[in-house]
Amino acid sequence: MTNISRRRFLVYGAGVGAALALPRATGPAIAVAPSGFELEKFIQPVPVPGAGIVVATPSGANQYSFVQRQISRQLHPELPPTPFWAYDDGSGLTGQAGSFGMAVVAHSGTPLQVSYTHNLPQNYPAWIPVDTRLTPLGNQVRVLTHLHGGFVAGSSDGNPAVTANGFGPGQTQTVYYPNQPPQQPAQLLWFHDHGLGATRLNVFAGLAAAYIIRDGFDTGTEPNPIGIPGGAYEIPLVIQDRRFNADGTFLYPTSDIGGVTWIGEYFGNVMLVNGKVWPFLNVEPRLYRFRILNGSNARILSLSLGGASLVQIGAEGGLWDLPVPVKRLVLAPAERADVLVDFSGFAGQTLVLRNSRPSSPVSTPAPSLSTVMQIRVGSKVNQPGPRTVPTTLPGRKADLPAPVKTRYITLNEVDPETAGWFLNLNAAHFGETAESPEVGTVEDWVYINLTEDTHPMHTHLFMHQVIGRTPFNVDAYRDAYGTSTGVPGGLDPTPFATGPMEPPGPGERGFKDTVKANPGYFTTIRGKFDLPTGVTTPQTYVHHCHIVEHEDNDMMQTFTVVA
Ligand SMILES: [Cu+2]
């Protein structure tokens, strides 16, 4: 019989005696640095546009040539420099927090040609614990860059269904990003590594950067046609948790299970914002735009900002049609929120951006990490900018027509805390099953979560609309259909529903590329399977959990858009 997922109970709900026997990877000791040192909070500024965040330098007209390489930067004043990996645009990334501090700025309707050349070490260094059961070429460093949220051909997507072995030392991946509207309006995308079985490690090592698309409304300047903050008052905030060794190196724990290096989730005990540990941000008492990306491997953020109110104006798919006040932002890995914050009533005050445990039905085994960064509100406004939040926006509310087909996709966890531990979609390993949507059609995909925790499901190629989440009897569904590797795909859970479908949350108004599939629910999304102009069927992509430890082992499947 399948060892169904009781991992969370075993690891985090158990008493002290059981906790002592826990693997080092997930035990409670994760909240304390191994050597017991503590880093002081709020003693360095967060990199912001013009002061640490820079626009990537093109290598030609609408062309970028990045080199992945190892660099070293001091990420906290009390730490020695940290070696990590970055996308170098040719500038040498001087003075920045690697590519954490860099953004490509693209324009809707203007295609880009981009290349990525592997100039990293041949083999994984000791600080990156590869699990060679999961990688196609053992401990050789293979990279594969994916434009997250990109509407691109399969060959430019950077996905391991098309390029299983990725790219090796000295090799170059060349891609074409059409930035084609309406699928690709002004929005915040990001590009990060997607190497098969090594995404968690290559991203942990630093291979991630922002990709901002502008258009005639969302110009990034101030003033702009839609009356939102721009220039120095628009601030990208990439939030990631990390652990450090006392010598400044990143720490990625390994499993205590024999023959296993992979761990179920990576949770840090310090927070990085734009690549810096627990920084502070100086703001003027006026309206700001924060563009927040949860770039963590596994941590689901639940963010709040003292007494300041947050008004969300967009998510992964770009701006919405109107602003929505939100009390807190619950962002799983890879989710983005575009928010306006009015500091005009906080002159002279100090606020803290805090993270708390997400409330039910979101579920995560993450240990607490409550502080993100400090915000120091000054008393002087240099440039007044817009004084109020606009009442309407030029973006989109997700409103796709009825689907022609519904697909049922299960999320399973198999034999946790054993040498055979893995996660999967549709009871199969990566590549053993596939979906084949017809080009131009609309489909509903139903993610049926049979595990204990929330999984952020990311769809390549298409942005989706969240239709809703339906509570269901997980055990009855599993009893009816379960196999040794979980419940296969294609089996409608509707007869097992225990209540009506719950509507999407206020943060799920527009199009998204990552959706929280919560435990105890099946989550329905709707997508339209268009391809960029000039791209013909068939085109192959992947969809997967964006807890990158899960993605690597082995919560990912293929889909091919067909004629
Ligand atoms: Cu997952």
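Ala61 sits in the loop that links strand 2 (52–55) to strand 3 (63–73). The model is predicted. Ala61 has 7 other C-beta atoms within 10 Å, so this residue is exposed. A residue counts as exposed at 12 or fewer such atoms. Ala61 can also be set against Ala210. The two are 149 residues apart in sequence. In space, their C-alpha atoms lie 20 Å apart.

Now take the whole chain. The protein chain holds 6 helices and 32 strands. Its radius of gyration is 22 Å, close to the 24 Å that the globule rule gives for 563 residues, so the chain is as compact as a globular protein of that length. The C-alpha trace spans about 65 × 55 × 50 Å along its principal axes. Of the 563 residues, 53% are buried. Sequence separation tells another part of the story. Take the contacts in the chain with a separation of 6 or more: 80% of them join residues 24 or more positions apart.

The chain is divided into three parts: domain 1 (48–214), domain 2 (231–377) and domain 3 (405–561). The C-alpha centres of domain 1 and domain 3 are 26 Å apart. Their contact takes 19 residues from domain 1 and 19 residues from domain 3. On the domain 1 side, helix 3 (154–157) and helix 4 (199–204) each supply at least two residues. Helix 4 gives the largest share of that side, with 3 residues. What is the make-up of the side of domain 1 that touches domain 3? Its residues divide into 10 nonpolar, 7 polar and 2 charged.

Next, the strands. Strands of a sheet pair through backbone hydrogen bonds, in either a parallel or an antiparallel sense. Start with strand 12 (residues 270–273). Strand 11 (residues 234–242) pairs with strand 12 in the antiparallel sense, over 4 bridges. Within that pairing, Asp241 stands opposite Met271. Strand 12 also pairs with strand 13 (residues 276–277), again antiparallel, over 2 bridges. Here Val273 has Lys276 as its bridge partner. The hairpin of strand 12 and strand 13 has 2 residues between the strands. In this hairpin, Asn274 takes a positive phi near 50°.

Is strand 12 covered on one face or both? In a regular strand the side chains alternate between the two faces of the sheet. Val270 and Leu272 point to one side of strand 12, and Met271 and Val273 to the other. These four residues are all buried, and both faces of strand 12 are covered.

An open sheet of 5 strands comes next, in the order 14-22-21-16-19, with mixed pairing. Strand 14 (280–283) and strand 19 (329–331) stand at the edges. Each has a single partner strand, so one side of each is left without a neighbour in the sheet. The twist averages 20° from one strand to the next.

Walk through the sheet from strand 22 (residues 371–377). Strand 22 and strand 21 run antiparallel, joined by 5 bridges. Val352 has Gln374 in strand 22 as its bridge partner. On to strand 16 (residues 301–305): 3 bridges join it to strand 21 (residues 350–355), and the two run antiparallel. Ser304 stands opposite Arg354 there. Strand 16 then pairs with strand 19 in the antiparallel sense, over 3 bridges. Leu303 stands opposite Leu329 in strand 19.

Note on methods: Residues are numbered from 1 along each chain as its sequence is written. This is a predicted model: local features need pLDDT of at least 70, side-chain atom pairs count only at pLDDT 80 or more; totals for chains, interfaces and linings use all residues. Domain bounds come from an automatic or database domain assignment. Two residues are in contact if their C-beta atoms, placed from the backbone, lie within 7 Å. Ala, Val, Leu, Ile, Met, Phe, Trp, Tyr, Cys and Pro count as nonpolar, Asp, Glu, Lys and Arg as charged, and the others, Gly among them, as polar. The radius of gyration is taken over C-alpha atoms; the globule rule is 2.2 Å times the number of residues to the power 0.38. A residue is buried if 20 or more other C-beta atoms lie within 10 Å of its own, exposed if 12 or fewer, and partly exposed in between; C-beta atoms are placed from the backbone. Two strands pair if DSSP finds at least two bridges between them. Axes are lines fitted to C-alpha atoms, for helices over the stretch in contact, and angles run from 0 to 180 degrees between N-to-C directions.
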